[in-house]
Amino acid sequence: MSDWHDVREELRAFALGLPEAWEDHPWGDTVVKVGKKIFLFLGVEEPTDRWRPTFGVKLSSEAHGHALTVEGAAPSGYGLGKAGWVTVPLESPLPPSEVLLDWVEESYRAVATKRAVKELDGRVT
């Protein structure tokens, strides 16, 4: 997928398909939560002079390191980077969709309740 809008929508749709996931708009940004916890930051819907399209996920050290290899990716701000969050620019060359969706699922599993993860694991793929 070359258009960042398509990638953003694919990430959003996948995330909203996970058990108990829902969309919220704190601070004017789009996020996807499970319960009260954010597992996917989708940021602004359109670029501005100050904000570029990105997504943010919470990853284990191995996946975190991989995500940081994307051009322009960085540990997330506001201290979230120390907890494994990484912000990835949607306008950069990105890994295949399957990798991005794996990152979203890993982030979900990092913050979801055991019940929600069990429901996800019980789904037929």
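**Charges, fold and salt bridges**

The protein chain carries 14 positive and 20 negative side chains, and the centres of these two sets are 11 Å apart. The model is a predicted one. Side chains of opposite charge can pair when their charged atoms come close.

**Fold and overall dimensions**

- The protein chain contains 4 helices and 6 strands, arranged along the sequence as α-β-β-β-β-α-β-β-α-α.
- The radius of gyration is 14 Å, close to the 14 Å given by the globule rule for 125 residues, so the protein chain is as compact as a globular protein of that length.
- Along its principal axes, the C-alpha trace spans about 40 × 30 × 30 Å.

**Burial, contacts and surface**

- Of the 125 residues, 41% count as buried.
- Among contacts with a separation of 6 or more, 51% are between residues 24 or more positions apart.
- The accessible surface of the protein chain is about 7,200 Å², and carbon and sulfur atoms account for 54% of that area.

- Arg 12 and Glu 23 form a salt bridge through their side chains, at 2.5 Å from N to O.
- Arg 12 belongs to helix H1 (residues 4-16) and Glu 23 to strand E1 (residues 21-24), so the pair ties together parts that are 11 residues apart in sequence.
- Arg 12 counts as partly exposed at 23% relative accessibility, and Glu 23 is also partly exposed, with a relative accessible area of 26%.

- The side chains of Arg 115 and Glu 20 meet in a salt bridge of 2.9 Å, N to O.
- This pair links distant parts of the chain, 95 residues apart: Arg 115 is in helix H4 (residues 114-121), while Glu 20 is in the loop between H1 and E1.
- Arg 115 counts as exposed, at 55% relative accessibility, whereas Glu 20 counts as partly exposed, at 34%.

- Arg 109 forms a salt bridge with Glu 105, with the closest N and O atoms 3.0 Å apart.
- Both residues lie in helix H3 (residues 97-111), with a spacing of 4 residues, about one turn of the helix.
- Arg 109 counts as partly exposed at 31% relative accessibility, and Glu 105 counts as partly exposed at 24%.

How values were computed
Residues are numbered from 1 along each chain as its sequence is written. This is a predicted model: local features need pLDDT of at least 70, side-chain atom pairs count only at pLDDT 80 or more; totals for chains, interfaces and linings use all residues. Side-chain values use heavy atoms; hydrogens and water are left out. Helices (H or I, at least four residues) and strands (E, at least two) are DSSP runs, numbered from the N terminus. The radius of gyration is taken over C-alpha atoms; the globule rule is 2.2 Å times the number of residues to the power 0.38. Buried means under 20% relative accessible area, exposed over 50%, partly exposed in between (1.4 Å probe, protein chains only). Contact means heavy atoms within 4.5 Å. Accessible areas come from the Shrake-Rupley method with a 1.4 Å probe; for residues, only the protein chains shown count as cover. Lys and Arg count as positive and Asp and Glu as negative; His and the chain ends are not counted. The place of a charge is taken as NZ of Lys, CZ of Arg, CG of Asp or CD of Glu. A salt bridge is a side-chain nitrogen of Lys or Arg within 4 Å of a carboxyl oxygen of Asp or Glu.
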